[in-house]
Amino acid sequence: MRTIRSRLIAIGGLLVLAVWQLIPTNVTQRVRDPATGRMKDTTIRRVPINLGLDLQGGIHLALEVDQSKGPVPDCADAIQRAEKVVRTRIDEFGTSEPVVQIQGRCRLIVELAGEKDPARAKSIIQRTAFLEFRITDMKNLFRDALPEIDKALRRAGVTVAGQGAAAASVTQLFGTDTGKAKGKAPKGKAAAKDTTDLNAPGALSSLLFQGQLPGEYLVPEEQVPVAESLLARPDVQRLIPRGIELRWGTEVLSRAGRSYRTLYAVEDRPIITGEYLQDAKATRDPLTNQSVVNFVLSRRGGRIFERETGRHVNDYMAIILDGRVQGQPPVIKSQIGQRGQIELGAKPLQDAQDLALVLKAGALPAPLTIIEERTIGPSLGQDSIRDGIRAGVVGVALVVLIMVGYYRLSGVLSVAALALYVVFTLAGLAGFGFTLTLPGLAGLVLSVGIAVDANVLIFERIREELQHGKLVRTAVDEGFKHAMSAIIDSNVSTALTAFILYLVGTGPVQGFAITLIIGIAASMITAIFVVRTFYMIWLDRRPDMATLSV
Amino acid sequence: MIRLFANANYDFIKWRRWAYGLTAAIIIPGFALFLVRGLNYSIEFTGGTLIQVQTAEPVGPERIRSALDAAGIRDAEIQQFGAANEYVIRARLGRADAVVEGSTETTAAAVDSALARALGASPDHYKILRTEAVGPKVGRELQGKAFLAIFFSFIVTLVYLAIRFEWRFGLAAVLATAHDILSTIAFIRYLDLEVSLVVVGAVLTMVGYSLNDTIIIFDRVRENLRKFRRQNLYEILNLSINETLPRSVLTHGTTMATTIALVLLAGEVLRPFALVMTFAIFTGTFSSIYIAAPLLMYIEKRWPGEDARGARALRPAGSVPLTPPPSSGGSEARSKAAV
């Protein structure tokens, strides 16, 4: 009785653990907003099983550094820079869970689920990276122009959507030293007097919060698409002061429970571009223990940089890769020549390494070539899921029919164990974060057929023992005992084959191998342990049972 | 209670020569065909371009062929795929050609524009469901990897079985599995199935499945060798196969049910995989009984083990009762009596 209870607790525990893995959780996804076509973060509830590209549709690309125009000495380094570049561009794709990973030494895998336009995706990925340094809007020209922009927007009939609490002018969010902001606010309102609505807050300025340094603004994450569409309007573009351009940052800051995207007003002319950059390295300053990035410019670049930085001491310099400001712009402390250093303060070394990669990416030595491309239309993926599930249901139904028809009550036990088996396998896929692919789905269906093998072995053994005239209880014990070596040897050898398949195979084959391995583990647990427990309970209830329904 | 093949007592081993003949009749022509014409490799292996299109109406492969011809795409192969209005266009890279990486994508774009010209550009006329473009380098790598996978799985199995059983069992099991690979290649050749990565996966699964089945029988042989000291290997093998027969029928029945469900219902992409798996179950079962077991007998005869029982006789002993009659004494008592 005691053992039954502890066995039941173990099974219950496993089941709770498995169901826990499968409970729909909140997953943050970047999805394309159908209204604006822009990317935004949304939180959705779904069962946390990742579907492969072949099931949800999308693009799979394998890229290598182009070596056709002379060999690239260090392709591992080159591919790391390329990865950084592709990652910064990934937002342009409108993909929910983009995959960018380095495979082997110098191959890059990019997977974009749901993307339908391969030509566009390829052109974005293969574009050469462009790095530039620009001084931020130190004179706050953009902020001064905001009232005019708001006025123009109001004239055009653009009103603020649900931003009641926001003030009419750029609000200070963190109380940092940007004193001029407050002074400008009344002026903005006064200028708005000739329009119909006196008290309406500015359509654009209500979205912007002053950041910590001149030219830095924070936009609430959910308002980013609105701000983007406002800024893209021609009448707004006209009013942005001459010599100033706006660039979004890559960083998402969270303050007081809300997340903000950074927006920078920068000078339209870069003080230097990536072509002059020769090297960048992340280190930790041994004296101050701060993360720093050291960079080296070419000789000509050094001369340009020396002249420009001399003019801009104490100004902030935005590092812009492919049109996006990377990290927070550092301040120029003194004139810099050929060698410079960017201090990141107390930030982790990882950040410094990322920045060094950004700087090096700007000088990407060779373009990427696509060596493999697969595009799967979303409708095909849905068809595959539907067909796969239909085949799975029919297959499982047949297995249930055969097992219950042949082994009757014992068959029912094995079917109950089979239900657990399916839950465990899916939980294994979810828990380890593996991706379910079409071959994986086939592997799952197939493994249901194989999973009953252990039960069949045990039941046949029990039948034999009963035939030899053993008592029910002894027959069950002996049946399990004798079937064990066959079950273990056969499953281990299959698992070994699947493991090799996983090691050697790629993409879809790996997905199949993973499902098979998890399936084998789950089937051994359910057949040996769970069914045994069911039998123990059964025999415990009916100790005097003379015949067994097997 | 339904009982299939309970207390069966067939002389399986006696029919081994017929079985050899049968399997040779399947493998040899198929393999000859394979050597002459090779296999229908997917573009994953050869490199090349695959495009699956869905047209508004079933236009027929000829219409697509003429559209491609007009655009100067000559070596493409066009096939109806699943539904009547879905087609797959394949342009494989020639093996010998030195092909520049990236040319496969150009082909994909060329096919798209050729179709647009012939069928009309809007998505109402045709829709591209799937594109695959694989450069020659990736294809070459994959071929090597598939071979490696099979090779390593054999080594690992040999080692595992040598540890758990003994090397004679391991060798017999691996040889039987090698037979299964040959017969599956013949099967793939007969049906002219496209060998994609997933089909290679099916072949490798078959390796696991067939080994699994052989091991179940060998496990029984191992046990019976200990239990019945007087019988020779011929009898032990027959006894073991007969004793595991109900299990074989049940397990293969259920597995076959799932693979046939996959063949019929899981769609065109998975069909080659499911067909190969269905055949694999058949050949795996066959080889466990008719290849692995007799091979074990020959190996024992050639290189006798400790008790040299394999060498004793290759024919049935005749009068000795093989299956212990139902008795209350249990098998342990019975086996002691046999000693």
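## Strand pairing and the A–B contact

Strand E9 (residues 209–210) of chain A and E10(A) run antiparallel, joined by 2 bridges. Strands here are DSSP runs of at least two residues and helices (H or I) runs of at least four, numbered from the N terminus, and two strands pair if DSSP finds at least two bridges between them. Keep in mind that this is a predicted model, where local features need pLDDT of at least 70, side-chain atom pairs count only at pLDDT 80 or more, and totals for chains, interfaces and linings use all residues. Residues are numbered from 1 along each chain as its sequence is written, while chains are lettered from A and ligands numbered from 1 in the order in which they are written.

The hairpin of E9(A) and E10(A) has 5 residues between the strands, and A:Gly215 takes a positive phi near 85° there. E10(A) also runs antiparallel to strand E12 (residues 258–267) of chain A, with 5 bridges. Because 4 of the 5 residues of strand E10 (residues 216–220) of chain A are buried, this strand is largely enclosed by the rest of the structure; buried means that 20 or more other C-beta atoms, placed from the backbone, lie within 10 Å of the residue's own.

Here are some residues that stand opposite each other:

| Residue | Opposite residue |
|---|---|
| A:Gln210 | A:Tyr217 in E10(A) |
| A:Leu218 | A:Thr262 in E12(A) |
| A:Glu373 | B:Ala133 in E5(B) |

Pairing also links the chains: strand E19 (residues 368–376) of chain A and E5(B) are antiparallel over 5 bridges. In total, 61 residues of chain B are in contact with 61 residues of chain A, contact meaning C-beta atoms, placed from the backbone, within 7 Å.

Technical notes:
Contact = placed C-beta atoms within 7 Å. Buried ≥ 20, exposed ≤ 12 C-beta atoms within 10 Å, placed from the backbone.
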